[in-house]
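Me: Hi! Could you walk me through this one while I have it open?

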Amino acid sequence: MLPSTPEDNGVGLSDSTLSQHRRKMLDLINRLHTTGVQTDMDLPMIAVIGSQSAGKSSLIESISGITLPRSAGTCTRCPTECKLSRSEDSWKCLVKLHITTGPSGQPCDVLTIPFGSPITDKADVEDRIRRAQRAILNPSTEPQKFLYELEDQTAEQAELSFSKNCVSLEISGKDVADLSFVDLPGLIASVGSAGKTGDIDLVKGLVTSYIEKPSCVILLTVTCETDFENQGAHHLTKRHDPAGKRTVGVLTKPDRIPPGEESMWLNFIRNEKEPLVNHWYCVKQPGSQTLQSGISWAEARKEENNFFALTQPWSSMEPQYQKFLRTSNLTERLSTILSELIAKRLPEIHKELYNILRKTQDEMRKLPKAPSTDPVGEVWNIVGQFSKQLFQRLEGTPDQDGILQTIRPHQEEFKRAVRETAPRFIPWAKGEIRELPAIDFLASEEDEPQKSREGVPSMLTPRSATPQPGIYIEDVLHHAQRARTRELPDNYPFIVQETYIKEFTEKWETPSRILFDEVYDILKNNLSDLVHEHFEKMGRGGTLHSVLMIVNEHLDKAAKQASKKIKWLLELEKAPTTLNVHYYSDYKIKFLGYYKGCRDREELTTKLQNYRAPTTIHANPHNGQAFHQGVQKALTGLTEIGLSVQVSDLPKLLPVDPMEPALLIMAGVRAYFQVAYKRFADMVPLAIDYEIVRGLHKGMEQALLDGLSLTGPDAYVRCQLMVQEHSSVASKRTELQKKLDRLNAANLELRKLFV
């Protein structure tokens, strides 16, 4: 046995200098193992295989820093699973029995049985493992008996010579890596007189069940003291990894190579014989006499290094092959291979986890219902209370977290998102660095202060992906001129305005879908809470799943109708039209004046737009009051000839601009946007409210009555089944719920990787 010291740890896999990416991958797989999901799906791991006495256990000891039992009858006669995890706490080891088969070898319910208290001294691990292996090999005896009583027992005296059940070691500490690997029983070619011939196939099948999985890194140990072709582990590995992509070869006991045969084994290290993608390695572990002398792990590693540095032909191997010698190089490579395999397998793990989760949820929904003394009265009463409270919530409650209160902010965000799609017409040439003034006539209409939405955009809501790109006046005119066919020179086809209108109406689908999804999620969550409130305690919870299925189907029907209405409204907006002529014309006039004023280089329009009549006007103009007098004279003169105008109307009297056609198009499109967006911003929330919010209660009670079969001659039997449950079903539900918890926990860990 190798004595342990506080700083005497394994090598390679416990190295704290692992790269960040590698650490991230290894941490992930260890956290997945912590959830227990390896019971339900295949996770990347390392499996150490080889023929009996090939040096597997010595290699595992060197990697993990613990000592495995070596007494006859217990040494690697069942899988030994090591779960290593780094922790800031002191070193400790938990030993558990992982049971997957019964005494007869038939599959049974998966059990994980704690075997003793946590171990804090590495010197105590070997004895605990020996006792745990004895418990595995004698399944008819209470496991705890072996924890306190241990008699010498040979392999022939145990109930089983080999077992598929495994000893699980959960080792944690500051200098421990995050990794999982398993040491499998050695392959055997024959059994002794007292052995069982079935053991050969049992061990072979056990090893195969691990290495056939695509996520298993095969650590193939081959001893140099036996002819290579006579070691069956290689042939089994070749069958399941023919290309050698997942296999790492390890030559053990190089000090026992018969003289003159060294060159044959060197060909493996050079990857010239039986080549592997991840190469062959050679390690030297302490011999039996050295072990008995009490060598430490640090001394063992030093002895190994001296052997390869001073012993021929290893010491004279080419420099490029020296990295394939020594345990430290092997374990470093194993870490890299495993982390890369984890990264490669992640998409498959995602898919596999999703499929298992969905299948488990289906199994849960198929379970029977729970019991009650008055099944019919109880079920009908709960359904009635549920329907009544649902109606109250959908109509609106004064609660701060009510459904309507929760939906309202999303409706406001929807309105802002649609408003942000307004076309940004720039009424000057490209290259001019100017800032558009605020649109004052919109300030009183919008919910938020109007900064320049036509120039530098105001703060965009999270729904708005990017600010609307500017559309320069010269581009508008060019577009209009290109679109002309047989029109007169001063006429331009409607397709020009329609094109710009289509650009912003096409952007309305995304905020509409987002609002719909948000309302759907709010309703689904509230509906789920309400269902849980009324049905969760019914029986043992069996009815809950059926009710959730029914109400969600009913919700989906209402959602389908709402979705159709939204699509219908979007289709309507594809054909620009309005009967709201007054508002359209008013907006067009205002926007035309606004754009014209922006083009006024003398800033006359700006002055007029910002004009505020003084309280008094002096007879002798001073301090800029000449402009005020001129404005008043103009307004007075226009009024005298019968024109009732305001200061904001004066920019319309400016001379005709050569860009007048483009300005008219811009004003018309922008005016139509104001009319259309307000119409659309009202109709979509109204359609959603009518179809999916208020519409959710319509037919809900009848859907539950029909879906749960609560009417007709079989109603009593149905209700009785809903409120009654057998112990075996309850046990099954508990098992499935635990599985769902494991799967959901694993899913959460996978999500964290990408956050």
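**Surface, fold and helix packing**

Reply: Happy to! The protein exposes about 37,400 Å², and carbon and sulfur atoms supply 51% of that area (accessible areas come from the Shrake-Rupley method with a 1.4 Å probe, and for residues only the protein chains shown count as cover). This is a predicted model, where local features need pLDDT of at least 70, side-chain atom pairs count only at pLDDT 80 or more, and totals for chains, interfaces and linings use all residues. Residues are numbered from 1 along each chain as its sequence is written, and side-chain values use heavy atoms, with hydrogens and water left out.

Me: Thanks. What share of the residues count as buried?

Reply: Of the 755 residues, 48% count as buried (buried means under 20% relative accessible area, exposed over 50%, partly exposed in between, with a 1.4 Å probe and protein chains only).

Me: And how many helices and strands are there?

Reply: There are 24 helices and eleven strands; helices (H or I, at least four residues) and strands (E, at least two) are DSSP runs, numbered from the N terminus.

Me: What about contacts between residues 24 or more positions apart?

Reply: They account for 79% of the contacts with a separation of 6 or more, where contact means heavy atoms within 4.5 Å.

Me: Let's go to helix packing. How do α16 and α21 cross?

Reply: The axes of α16 (residues 509–535) and α21 (residues 660–697) come within 11 Å and cross at roughly 25 degrees. Axes here are lines fitted to C-alpha atoms, for helices over the stretch in contact, and angles run from 0 to 180 degrees between N-to-C directions. The two helices are therefore roughly parallel to each other (angles under 35 degrees count as roughly parallel, over 145 as roughly antiparallel, 65 to 115 as roughly perpendicular and the rest as oblique). The crossing of α16 and α21 is right-handed; a crossing is left-handed if the near helix is turned anticlockwise from the far one by less than a right angle, and right-handed if clockwise.

Me: Which residues make that contact of α16 and α21?

Reply: From α16 they are S512, L515, F516, V519, Y520, L523 and L527, and from α21 they are F680, V684, P685, I688, I692, V693 and L696. By class, that contact of α16 with α21 has 13 nonpolar residues, one polar and no charged (Ala, Val, Leu, Ile, Met, Phe, Trp, Tyr, Cys and Pro count as nonpolar, Asp, Glu, Lys and Arg as charged, and the others, Gly among them, as polar).

Me: Nice. How does α11 pack with α21?

Reply: Helix α11 (residues 375–395) packs with α21 at an angle of about 150 degrees, with the axes 7 Å apart. That makes α11 roughly antiparallel to α21, and their crossing is left-handed. On the α11 side the residues are S387, L390, F391, L394 and E395, and they meet V693, R694, L696 and H697 in α21. This contact of α11 with α21 divides into five nonpolar, two polar and two charged residues.

Me: Changing topic: where is W508, and is it buried or exposed?

Reply: W508 is in the loop between α15 (495–505) and α16, and at 0% relative accessibility W508 counts as buried. Leaving aside neighbours within four places in sequence, W508 is in contact with V418, T421, L570, E573, F673, A676, Y677 and F680. W508 and T421 are 87 residues apart in sequence and 7.8 Å apart in space, C-alpha to C-alpha.

Me: And what does E498 touch?

Reply: E498 is found in helix α15. Apart from neighbours within four places in sequence, E498 is in contact with K574 and P576. The C-alpha atoms of E498 and P576 are separated by 7.0 Å, with the two residues 78 apart along the chain. E498 is partly exposed, with a relative accessible area of 28%.

Me: What is phi of R326, then?

Reply: Phi of R326 is near 90 degrees, a positive value in a residue other than glycine. R326 is in the loop between α9 and α10, and at 14% relative accessibility R326 counts as buried.
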